[in-house]
Amino acid sequence: MRPALLTASVLASLLSLSGCKRTEAPSPAAPPAVEAPKAASTAAPAPGFHDNLNAVAWVQTSVEYKALAEQSYRAAADHLDAALKEKHWDALVPDERGNAATGLKPAVVMDVDETVLDNSPYQARLIRDGKEYDEVSWDQWVAEKKAKPVPGVVDFAKAANAKGVTVLYISNRAVHLKEATLANLRAVGLLVADDSVFLGLGTVVEGCEQNGSEKNCRRRLAGQKYRVLMQFGDQIGDFVQVEVNTPEGRQKLYDEYEDWFGERWWMLPNPTYGSWEPALFNNDWAQPAEARSQAKRAALDVAR
C-alpha cells in the first residue's frame, strides 16, 4: 500500500482512530495513508543519518527482495485455476461482503504502491535530501510517472487477464492522482480495463463511511460487482480493516486470518514504510524524529 496522499482533514481523522502510517498508501518513507503516514515532523533527521537507509537500499539492490516479490506472484498465479473453479471462493472478509459473490465476474484486488509500483526512488530522494514524506513532494513524484513495476506483477496480471480475471486497483493514492497513476500503470505494462478499476483515496461509496485511509468501503464497492479471488498488498490494512493500530491489534488480525495468506491474500515485502511503524509510537507523527526512533528502539526484542 504505498503512498496514499493524506489531506490534513483525512490525516486528522486517521490519527484519531489510531491510524496507520503513510497509507496504500501512501508514500514511502513516511508514506501517506494506510497505503499512510502522516504529518511529518518539522524536526529533520540528524545530518548524514536517515532512518530508512537500509530498508530502501535493500529494496533497490538486493536479489532477496526481487526473489520474494517474484515468488509471491508466481505462487499466486498457480492458485488462479483453483480459485476460479471453487464457486464459493472469496477473498473479502464476511463483514465486507454485502451481497452474494456467486455468479459475479472474477477479479483480483491490488494495492498500488509497493505492491504493483515500486516507489523506492522517491524514498531514495528523501534519504539523499534528509527529508521525510510530504504531500507536495509525493504529488510531484507521482506526476513524473517514473515508478517501475514490482518484480513479477506484470506476468501475474497477464496470467489473470488470460483467464478472464479483472485487475482492480484499490489505492491510498488520492483520487486527484488517478490520471497520472493510470498512465504509469499502463506505461509499465499493467492491465487497466478502464478508469473504473482505480479506486483511490477519496472515492465515495454510498452508505459506507470511510475511516481515515482505511479501504473497507472501497473493498465493499468492489464486491458489489465482482467475486474477489485474491487480494494483494504490502500492509495488513490492504486486506482487512485495522480497528486498532497497535502491535497487539495488528497481531490479533493476523492470527484471525493467518490461513488466508498464500491462498486468498498475498503480502509483498515493504520495509520502507507502513502502518506497522506508527503502531510503535502511538500513531503520533507530530513527535520529533528522535522520539519516534527511540520508541522503535524500545520495541526491539534483545532476548534479555
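User: Which hand does the crossing of α2 and α4 have?
Analyst: The crossing of α2 and α4 is left-handed, a label given when the near helix is turned anticlockwise from the far one by less than a right angle, clockwise being right-handed. Helices here are DSSP runs of H or I with at least four residues, strands are runs of E with at least two, and both are numbered from the N terminus.

User: And what are the angle and the axis distance for those two?
Analyst: Helix α2, residues 53-61, packs against helix α4, residues 120-129, at an angle of about 145 degrees, and their axes are 10 Å apart. The axes are lines fitted to C-alpha atoms, for helices over the stretch in contact, with angles running from 0 to 180 degrees between N-to-C directions. On the α2 side the contact is made by L53, V56, V59 and Q60, and on the α4 side by S120, P121, Q123, A124 and I127, where contact means heavy atoms within 4.5 Å.

User: Before I go on, what should I keep in mind about the numbers?
Analyst: This is a predicted model, in which local features need pLDDT of at least 70 and side-chain atom pairs count only at pLDDT 80 or more, while totals for chains, interfaces and linings use all residues. Residues are numbered from 1 along each chain as its sequence is written, and side-chain values use heavy atoms, with hydrogens and water left out.

User: OK, now the sheet. What is the strand order?
Analyst: The order is β5-β4-β1-β6-β7, an open sheet of five strands with parallel pairing, and two strands count as paired if DSSP finds at least two bridges between them. β5 and β7 (265-267) stand at the edges with a single partner strand each, so one side of each has no neighbour in the sheet. From one strand to the next the twist averages 20 degrees.

User: Is β4 mostly covered or mostly open?
Analyst: Strand β4, residues 166-174, is mostly covered, with nine of its nine residues buried, meaning under 20% relative accessible area, while exposed means over 50% and partly exposed lies in between (1.4 Å probe, protein chains only). T166, L168, I170, N172 and A174 point one way, V167, Y169, S171 and R173 point the other way, and all are buried. In a regular strand the side chains alternate between the two faces of the sheet.

User: Which helix goes with β4 and β5 in the β-α-β unit?
Analyst: Helix α7, residues 178-187, makes up a right-handed β-α-β unit with β4 and β5. Right-handed here means that, with the strands pointing away from the viewer, the path from the first strand over the helix to the second runs clockwise.

User: What does N184 touch?
Analyst: N184, which lies in α7, touches L117, K145, K146 and A147, not counting residues up to four places away in sequence. N184 counts as buried because its relative accessibility is 2%.

User: And K145, where is that one?
Analyst: K145 is in the loop between α5 (135-144) and β3 (148-149), and with a relative accessible area of 39% K145 is partly exposed. Its phi is near 55 degrees, a positive value in a residue other than glycine. Most residues other than glycine have a negative phi.

User: What about phi of E114?
Analyst: Phi of E114 is also positive, near 70 degrees. E114 lies in the loop between β1 and β2 (117-118) and is buried, with a relative accessible area of 7%.

User: Switching topic, what is A76 in contact with?
Analyst: Leaving aside neighbours within four places in sequence, A76 is in contact with F156, M230, F232 and W266. A76 is part of helix α3, residues 63-85, and counts as buried at 0% relative accessibility.
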